[in-house]
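Subject: Structure handover

Hi,

Here is the structure I promised to pass on. Have a look at it first, and then read my notes below.

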Amino acid sequence: MIIVMKPRAKQESIDRIKSIIEEKGLFAHISAGHEVTIIGVVGDKAKLMDQNLAIYEEVDKIVDVTESYKLANKKFHPDPTIVNVGNVTIGGDTMVIMSGPCAVESRQQLLATAHAIKKAGAHILRGGAYKPRTSPYAFQGLEEEGLSYMKEARDETGLPVVCEVTSLDAIESAVKYVDMLQIGARNMQNFYLLKEAGKTGLPVLLKRGLSATIDEWLNAAEYIIAAGNPNVVLCERGIRTFETATRNTLDISSVPVIKAKSHLPIIVDPSHATGVRAYVKSLSMAAVAAGADGLMIETHPDPSIALSDGPQSLSFDQFEELTEELRPLVSIMGKRL
Ligand code: PEP
Ligand code: MN
């Protein structure tokens, strides 16, 4: 349920409604817009059954929110959320490009990548230090050593860094080194991990689960926000379908759907969506045209010897060519790169 106040409602009218909600043991989420304040009720709204809030001064209307996610819901928070990652803002007028290797393999590999992607115009360095691999025998990541290279790359280039966390231990280590935590597709519904990531207060990049509906994805975001962390960025990375020509199927329609249902920024990862380097450019273009707030693109100094996801990774030259080709489209969309 949301209570929409009349335009320019007085603070005392807003405070009165807020205290009625809180007296019932519920949480009142205040979204103060330019003219209109919206008060969202989080919790069991049945506790307000004996209250007719519509009669209070300056209450305009009461709207039922049927979706189970509330804090991630656009009805609760009509203005878009802008997430700050270091000195980069996601959800504003910059098309934010995150790039880097699937896995941090060595200090030299990561530093070379950080410098190359920065030169090509990327804003954030990605790199996996904890790799959730399909096979237990595949390279599992350098763990804390990899995180230390991420921090070194950030210190050398000034690019904020994002790294996936797969456990509580990984979160405890990562908070010492990175600017943003990534929750991967395979952990999107690891509710314990979501809550722990929420508690850190660091911005969280939440990838869509392999077979998750948009509602399930937004409920996962709700876990993080409900843990006290509103800094969530969603990442569409393709979903499982019957199609086998690409690794996953990029659900490009999730971009406008998320924009309609939520205030959270959304970026697109065409690398994991396709699994094929040759398709990354087309889907990057599609993501920009669909209104995404950013892109995540895997790059590697030599994709032919990458320890993971080589076939979908771009070389530095290919990445630079991509950012150059994206520039005019980004500006047509009213953004900058
Ligand atoms: C990744 O970003 O390297 C990754 C493992 O992605 P996803 O969780 O989307 O598969
Ligand atoms: Mn990868």
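This is a predicted model: local features need pLDDT of at least 70, side-chain atom pairs count only at pLDDT 80 or more; totals for chains, interfaces and linings use all residues.

Before the residues, one definition: buried means under 20% relative accessible area, exposed means over 50%, and partly exposed is in between, using a 1.4 Å probe and the protein chains only. By that scale M333 counts as partly exposed because its relative accessibility is 35%.

Residues are numbered from 1 along each chain as its sequence is written, chains are lettered from A and ligands numbered from 1 in the order in which they are written, and side-chain values use heavy atoms, with hydrogens and water left out.

Now the ligand. Ligand 1 takes up the space of the largest pocket. (A pocket, on a 1 Å grid over the protein atoms alone, is an open set of points where a 1.4 Å probe fits, with protein on both sides within 12 Å along at least five of seven lines; a molecule sits in it if more than half of its atoms lie within 2 Å of its grid points.) The residues around ligand 1, meaning those with a heavy atom within 4 Å of it, include C102, E164, Q182, R237 and E298.

- R126, with a polar side-chain atom 2.7 Å from an oxygen atom of ligand 1
- K131, where the N or O atom in the side chain is 3.0 Å from an oxygen atom of ligand 1
- H272, where that distance is 3.3 Å

On its own, ligand 1 has 300 Å² of accessible area, and the protein covers 97% of this (areas by the Shrake-Rupley method with a 1.4 Å probe).

E298 leads on to S313, which is in contact with E298 as well as R277, T299, H300, P303 and Q318, leaving aside neighbours within four places in sequence. Contact here means heavy atoms within 4.5 Å. S313 sits in the loop between β14 (294-298) and α10 (316-332); helices (H or I, at least four residues) and strands (E, at least two) are DSSP runs, numbered from the N terminus. S313 counts as buried because its relative accessibility is 1%. Its side chain also reaches the backbone oxygen of D309, at 2.7 Å.

Back to M333, in the segment after α10. Beyond its sequence neighbours within four places, M333 is in contact with V288, A289 and G291. G291 is 42 residues away in sequence, yet the two C-alpha atoms are 7.5 Å apart.

G275 is in the loop between α8 (270-274) and α9 (280-290). With a relative accessible area of 17%, G275 is buried. From G275 to Q11 the C-alpha distance is 52 Å, over 264 residues of sequence.

Two more to click on. E216, in helix α6 (residues 214-226), is partly exposed at 31% relative accessibility, and touches M188, Q189 and S211 when neighbours within four places are set aside.

Cheers

Key: A polar contact is a pair of N or O atoms within 3.5 Å; within protein, one must be able to donate a hydrogen and the other to accept it, and residues adjacent in sequence count only if both atoms are side-chain atoms.
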